[in-house]
Amino acid sequence: MELKRPKMTNPVHFLAFGFGSGLAPIAPGTFGTVAAMPIWWLCAQLPLWGYLLVTALVIAVGPFLCGKTSHDMNVHDHPGIVWDEIAGLLITMIAVPVTWWGALAGFVAFRVFDIIKPWPIGWLDRRVEGGLGIMVDDLLAGVYAAVVVQLLIIFLPQWFT
């Protein structure tokens with residue numbers, strides 16, 4: 001099968017590629033996470049229930065966006081598909097204060113777990129197929145990172161004020 005390029009005029013590809021951030025020639029996942037930061041900042045202005053609703057919607061459409069784009073490109077999980085990073089970061093940042101330290105802690109924690117993929121993240125990443133398979137490792141990395149950030153908030157609250 002021929003590997004196709006994403007069509008950035010296609011709204012599904014545009015979203016799956018994180019508004020174009022996934023086209024970065026190196027570290028597209030990191031660039032996708034950078035693109036997610038303003039989304040977090042905007043959503044963090046909402047009440048918690050609104051933030052959770054937006055996060056749930058991002059997660060819900062993710063398997064379709066990622067699966068359709070990977071299918072169109074004839075590849076299982078193209079590194080440029082970064083909608084999963086957006087979803088994972090939003091999970092990480094649930095109830096994180098909007099401060100520089102909060103942003104830095106969440107960004108770093110999420111990237112670390114997304115890159116090292118501790119058990120069962122790596123195991124799931126290798127075994128779950130399709131759009132859900134593209135999403136699941138980042139969703140779980142987001143949960144792991146959220147635990148770390150919430151622990152930092154509890155034990156080092158002065159960093160987050």
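Trainee: What makes the crossing of H2 past H4 right-handed?

Mentor: H2 passes H4 in the clockwise sense, so the crossing is right-handed. This is a predicted model: local features need pLDDT of at least 70, side-chain atom pairs need 80 or more, and totals for chains, interfaces and linings use all residues. Residues are numbered from 1 along each chain as its sequence is written, and side-chain values use heavy atoms, without hydrogens and water.

Trainee: Why is H2 called oblique to H4?

Mentor: The axes of H2 (residues 28–43) and H4 (residues 83–92) cross at roughly 50° and come within 8 Å. Under 35 degrees is roughly parallel, over 145 roughly antiparallel, 65 to 115 roughly perpendicular, the rest oblique. The angle falls in the rest, so H2 is oblique to H4.

Trainee: Which residues make the contact of H2 with H4?

Mentor: From H2, Gly-29, Gly-32, Thr-33, Ala-36, Met-37, Ile-39 and Trp-40; from H4, Glu-85, Ile-86, Leu-89 and Leu-90. Contact means heavy atoms within 4.5 Å. The residues of this contact divide into seven nonpolar, three polar and one charged. Gly counts as polar here.

Trainee: What makes H4 roughly parallel to H7?

Mentor: Their axes cross at roughly 25° and come within 7 Å. That angle is under 35 degrees, so H4 is roughly parallel to H7. The crossing of H4 and H7 is right-handed. H4 contributes residues including Trp-83, Glu-85 and Ile-91, and H7 residues including Ile-134, Asp-138 and Val-149. By class, the contact of H4 with H7 has ten nonpolar, three polar and three charged residues.

Trainee: What lines the largest pocket?

Mentor: The largest pocket has a volume of about 210 Å³. Of its 15 lining residues, the closest to its centre are Glu-85, Asp-114, Lys-117, Asp-137 and Asp-138. A lining residue has an atom within 4 Å of a grid point. H4, H5 (100–116) and H7 (130–155) each give two or more residues to the lining.

Trainee: How many lining residues of the largest pocket are charged?

Mentor: Nine are charged, beside four nonpolar and two polar. Asp, Glu, Lys and Arg are the charged class.

Trainee: How do you know whether the bond from Trp-119 to Pro-120 is cis or trans?

Mentor: Omega is near 0°, and the bond is cis.

Key. Axes fitted to C-alpha atoms, helices over the stretch in contact; angles between N-to-C directions. Helix = DSSP H or I, 4+ residues; strand = E, 2+ residues; numbered from the N terminus. 1 Å grid on protein atoms, 1.4 Å probe; cavity = no way out; pocket = protein on both sides within 12 Å on 5 of 7 lines; lining within 4 Å. Points joined across faces, edges and corners; volume = space filled by probe spheres on them.
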